[in-house]
Amino acid sequence: MLSCCYFFFLTNSGASPCGPVWYGVLLLLGLRCRMNEDTGSDYITPWQLSQVVDGGGIGIVEESKHVHFTKGDFVTSFYWPWQTKVILNGSSLEKVDPQLVNGHLSYFLGAIGMPGLTSLIGIQEKGHITAGSNQTMVVSGAAGACGSLAGQIGHLMGCSRVVGICGTQEKCHLLTSELGFDAAINYKKGNVAEQLREFCPAGVDVYFDNVGGDISDTVISQMNQNSHIILCGQISQYNKDVPYPPPLPPAVEAIQKERNITRERFLVLNYKDKFESGILQLSQWFKEGKLKIKETVVNGLENMGVAFQSMMTGGNIGKQIVCISEETSL
């Protein structure tokens, strides 16, 4: 049996049917898409009527009939039911080491978990950053779970300048004062195109795209020849019936083609062979103080809906978490 401590909002063994029972932490990855009849992907399934809603989670084993898990183990799963105690098939679980996060278990659902891997591997595989080449990176959704990490990782991997785009002055201040961004743009105030020209005088070489829509069209219009888009998310398009990645307006698509800008779908689950080394790298940066981690915590399973709505309207900084219970053993 498992008891649950935290939930998260994101958008990724021969077990006996009676797996461990735990206390845990739940991560909500790609939940908005799972509210549709068709999620638009083959790796995330829609929620079913009359079934318990689930998301990613982390918890502690209370009982186990599985050979790979014992009482006191910390475990995580992509499909964790939203309830305070649950029995799961051990094949859906993965053991985690609290020392990697200095005991901050919720970090396994954020910076030292899937969002961190998405940012790191996305930049490694699609960013084409070369240290010392004076590249400029722009990050949209820059104060969110992936964006707040992507800007820092861009610097760590060699970008000379990183500019974030977000939705409040508070977030802009956080990006530049705590997370090492060189500049930040509040897209709700002023002219984004003009501010981009000011903060990116040499143009944009790498764009970590979390939002799509008008913001991304504006950034792409200022990207350099042979530059690269890391297509992480398109949150502005999730309520629309469009393919993924959504098509660009004709004028922007023409710019993309003329300047040979890469814009390929990125799916972190295609890089599972890099997960272990990626987690170790993220953990090392965190412990060395090179990677700052932000999260927004709401308490109580009954507040899941409130937390989700807040996240979808930009109320979170870093990862959005719902704390279900706090055990002294955690």
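I began with helix α1 and helix α2 (residues 147-157), whose axes come within 9 Å and cross at roughly 40°. I take axes as lines fitted to C-alpha atoms, for helices over the stretch in contact, with angles from 0 to 180 degrees between N-to-C directions. The angle makes α1 oblique to α2 (under 35 degrees counts as roughly parallel, over 145 as roughly antiparallel, 65 to 115 as roughly perpendicular, the rest as oblique).

I note that the model is predicted: local features need pLDDT of at least 70, side-chain atom pairs count only at pLDDT 80 or more, and totals for chains, interfaces and linings use all residues. Residues are numbered from 1 along each chain as its sequence is written, and side-chain values use heavy atoms, with hydrogens and water left out.

I looked up the handedness next: α1 passes α2 in a right-handed crossing. The convention is that a crossing is left-handed if the near helix is turned anticlockwise from the far one by less than a right angle, and right-handed if clockwise. On the α1 side I listed Pro115, Gly116, Ser119, Leu120, Ile123 and Gln124, which meet Leu149, Ala150, Ile153, Gly154 and Met157 of α2 (contact means heavy atoms within 4.5 Å). Helices (H or I, at least four residues) and strands (E, at least two) are DSSP runs, numbered from the N terminus.

I then checked helix α4 (residues 192-199) against helix α5 (residues 213-220): their axes come within 10 Å and cross at roughly 40°. That makes α4 oblique to α5. Here the contact is made by Val192, Ala193 and Leu196 of α4 with Ile215, Thr218 and Val219 of α5. The crossing of α4 past α5 is right-handed.

**Aromatic pairs**

I found two aromatic pairs in the structure. Rings of Phe, Tyr and Trp (its six-membered ring) pair if their centres lie within 6.5 Å; planes under 30 degrees apart count as stacked, over 60 as edge-to-face and the rest as tilted. I wrote down one of the two pairs. The ring centres of Tyr107 and Phe286 are 5.4 Å apart and the planes stand at 85°, so this pair is edge-to-face. Tyr107 sits in the loop between β6 (94-95) and α1 (114-127), and Phe286 in helix α7 (residues 275-287), so the pair ties together parts 179 residues apart in sequence.

I looked up accessibility for both rings. Tyr107 is buried at 11% relative accessibility, and Phe286 is buried at 15% (buried means under 20% relative accessible area, exposed over 50%, partly exposed in between; 1.4 Å probe, protein chains only).

**Salt bridges**

I found six salt bridges in the structure (a side-chain nitrogen of Lys or Arg within 4 Å of a carboxyl oxygen of Asp or Glu).

Asp73 and Lys95 meet through their side chains at 3.4 Å, N to O. Asp73 lies in the loop between β3 (54-63) and β4 (74-81) and Lys95 in strand β6, so this bridge ties together parts 22 residues apart in sequence. Asp73 is buried at 14% relative accessible area, whereas Lys95 is partly exposed at 46%.

Glu125 and Lys274 form a salt bridge at 3.6 Å, N to O. This pair links distant parts of the chain, with Glu125 in helix α1 and Lys274 in the loop between β12 (262-265) and α7, 149 residues apart. Glu125 is partly exposed at 27%, and Lys274 is partly exposed at 28%.

Glu288 bridges to Lys290, with the closest N and O atoms 3.3 Å apart. I logged Glu288 as partly exposed at 41% and Lys290 as partly exposed at 45%.
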